[in-house]
Amino acid sequence: MKRVKRRYLALQVDSDEAPTPKEFMDAVWGAVTKLYGEYGASLTGLALIDYNAEKKTAVIRAALATVNMVRTSLASITSVADREAAVHVIAVSGTIKALYEKLKW
Amino acid sequence: MQRNRDASMKRAFADLHLCVNLKDPATASRIINKAATLGYRLIAVPLSPETREDEKMKLQRICSEANIDLASRVDIKPKTHNDLTHQLRRLRRKFEVICVTCENKDVARQAAKDHRVDLLNFPSLDFRKRFFDSAEAELASNSLAALEIDMKPLLVLEGPARVRLLSNLRRETSIAKEFHVPIVVSSGVANEMLLRKPRELAALTSLFGLDEASALEAVSQNPVSIVKRNRQKLSPKFVAPGIRIIKEGKDC
């Protein structure tokens, strides 16, 4: 079986209050499902790797083939847990180590 | 690949439709600073022809503090083609960007023909008023007008309305590409929470079939070249396209 290539995305949540990791991932899944449907969402292989409520940052993992779909969906998020919010992609990398080096977190 | 990456890093991103309320300088400053943080180097704020000089100066000061270039823009909504030509004659030399919101076919066709129009915008919610078809595109390709797409409706609409908007945008962008009409993607927002990074706007355009290269051009090269061209034209040294005064006086 062919190995699935992945990408790690560092995200910044822009909102007044920091959402919980579950609220954040619900918003991400909701956006992907709304734009690409359940079939499209199933291809993304989304997973939350790291979440920092204090800094309002997150790291998620997605399949390489669907990175553009995930980026588009993230840009379409306008609220998280019924509170106005935006999610910005800070960096994308092939490994978690390289991502953290890029960000110097 | 490295060279491509370097070229894209040097890209200057622009948002030609940032709706800022001049009566509320605090909010205006917040939105402009946010745009600068998100990576925009040039913004255009729609002004009314009656905007006072001190308000313009205040806006200019906010932009220079945020280290972002400001272009003046006016949005006109003429009722007839005569009204359009009259307004263009009155406003062309006062603003760097002129956008025409086409509310009827007569105005849309005249705006596409006229070299003084920079941007053609169509109402997002009234789908019967989106007159960008192949005839319109052919006229626009012979003038300098670009098709402006605001992303705000894509973010705020949901369900069937968004589906219909996406299908219209897909048709319009494919016509624009066929006739080589430049596409300008703008935010059109007045709320900082709806502001997106230029690359995020480019990602959103994939929803209506714009490829990555065209999408990045639509948020950088296309809007920047409109402002650059008009600044040259508005400069006192401009004579005609390709001709400008280099030196004046008795000794030349």
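A:Tyr51 has A:Ala58 of β3(A) as its bridge partner. This is a predicted model, in which local features need pLDDT of at least 70, side-chain atom pairs count only at pLDDT 80 or more, and totals for chains, interfaces and linings use all residues. Residues are numbered from 1 along each chain as its sequence is written, while chains are lettered from A and ligands numbered from 1 in the order in which they are written.

**The sheet of chain A**

- β2(A) and strand β3 (residues 57–63) of chain A pair in the antiparallel sense over 5 bridges. Helices (H or I, at least four residues) and strands (E, at least two) are DSSP runs, numbered from the N terminus. Two strands pair if DSSP finds at least two bridges between them.
- Strands of a sheet pair through backbone hydrogen bonds, either parallel or antiparallel.
- The open sheet has 5 strands in the order β2-β3-β1-β5-β4 (chain A), with antiparallel pairing.
- β2 (47–52) and β4 (79–80) of chain A are at the edges; each has a single partner strand, so one side of each lacks a neighbour in the sheet.

**Helices on the sheet**

- Helix α3 (residues 96–103) of chain A lies across β1, β2, β3 and β5 of chain A. Its direction is about 105 degrees from that of β5(A). Axes are lines fitted to C-alpha atoms, for helices over the stretch in contact, and angles run from 0 to 180 degrees between N-to-C directions.

**Where the chains touch**

- 13 residues of chain A are in contact with 11 residues of chain B. Contact here puts the C-beta atoms, placed from the backbone, within 7 Å.
- On the chain A side, α2 (67–75) and β5 (83–93) each give two or more residues. The largest share, 5 residues, comes from β5(A).

**Helices of chain B**

- Helix α2 (residues 25–37) and helix α3 (residues 53–65) of chain B pack at about 35 degrees, with their axes 9 Å apart.
- α2(B) brings B:Pro25, B:Ala28, B:Ser29 and B:Ile32 to this contact; α3(B) brings B:Lys58, B:Leu59, B:Ile62 and B:Cys63.
- Which residues of helix α6 (residues 134–142) of chain B are buried? They are B:Glu136, B:Ala137, B:Leu139 and B:Ala140. Buried means that 20 or more other C-beta atoms, placed from the backbone, lie within 10 Å of the residue's own.
- Down the axis of α6(B), these buried residues fall within an arc of 165 degrees, so they line one face of the helix. The arc is that of the directions from the helix axis to the C-beta atoms.
- Their cover includes α5 (105–113), β5 (119–121) and α8 (160–178) of chain B.

Notes. Contact = placed C-beta atoms within 7 Å. Buried ≥ 20, exposed ≤ 12 C-beta atoms within 10 Å, placed from the backbone.
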